[in-house]
Amino acid sequence: MTRDAYADRCEDLFALGGFREARKAAEAGLAELGPDPVLYRWLGLAHAAEDDDDHDADAEAAYEAGLAQWPDDLGLLVSYLELCLRADTWSYPGRAARVERLKERIAVLAPAGSPEAARVDAALGWAGRGYWQDVRRRTAAATADRAASTSHADDVAEALARGGGRAPAHPEDLRAVEVAAALELLDGPGRAPLRLVVRHRAAAYATALLLAIATNKALVLSGAVSYSVWGWIWFVPLLLAESRLRQAGRLARERVIAATAARHAAAPEAGQAPAG
């Protein structure tokens, strides 16, 4: 397999959140083709994306291995800079201290207005943001996650209203695979209440809230308790349904990552097939 083919595989898997699979692809490419700056970069990025101390150390090792042979590779330099900018100065002073050296080297190699220079500016902006910028970023991310969750629930509700869904037309169509996975997890006679909740999500939440308030008030007025939270038990079916939808999202992502990896693995074999 060529370097470009391995890089494409890493890129596709990385975009899907398949960081472990992207690392395996980069390692396979390095084992087959030998040292390569692009594959070292993907290996480092796939480690750094895990946002874990051990993985950060592995990412640093990958970048340094690449830079030992290609010291002027901008992709490796900028990726390494991003990793060092994230480093805690107390826990990893050596990594944090490399920032200035990397910035100086990149400034020499990246001409003004180049994509690399723009990425350096973006990385520095990330490093210098303040508390309120962090709050806004997290709020925007949470809003996007809620919107995606609502869209996914709407797709599943529509499929349930049709009486079920067909298998997705393409195994890498994440949205369709998510719906198919949700239908699997909601299937069965014992999960009929969960299907009802998903089909009528807004009405279910409104009804559960009214029932919870009424139940708590009735228990207090009856004298059975002086304060009640038992009414919130009406939300249990809704929480179970939401849990199924989240589980379906994780399952779908795993399936799409596996399908993408299988497609890339089959590509060289197809290319090596004898001509008619």
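Tutor: Residues are numbered from 1 along each chain as its sequence is written, and side-chain values use heavy atoms, leaving out hydrogens and water. As this is a predicted model, local features need pLDDT of at least 70 and side-chain atom pairs count only at pLDDT 80 or more, while totals for chains, interfaces and linings use all residues.

Student: Why is Leu-160 called buried?

Tutor: Buried means under 20% relative accessible area, exposed over 50%, partly exposed in between (1.4 Å probe, protein chains only). Leu-160 has 12% relative accessibility, so it counts as buried.

Student: And what does Leu-160 touch, leaving out residues up to four places away in sequence?

Tutor: Contact means heavy atoms within 4.5 Å. On that basis Leu-160 touches Leu-183, Leu-186, Arg-195, Val-198 and Arg-199. Take Arg-195: it sits 35 residues from Leu-160 along the chain, yet their C-alpha atoms are separated by 7.4 Å.

Student: What makes Asp-56 buried?

Tutor: Its relative accessible area is 9%, so Asp-56 is buried. Beyond neighbours within four places in sequence, Asp-56 contacts Ala-48, Leu-83, Arg-86 and Arg-95.

Student: Where does Asp-56 lie?

Tutor: In helix α4, residues 53–69. Helices here are DSSP runs (H or I, at least four residues), strands likewise (E, at least two), numbered from the N terminus.

Student: How confident is the predictor in the protein chain?

Tutor: pLDDT is its confidence in each residue, from 0 to 100. The chain averages 83, with 84% of the residues scoring at least 70.
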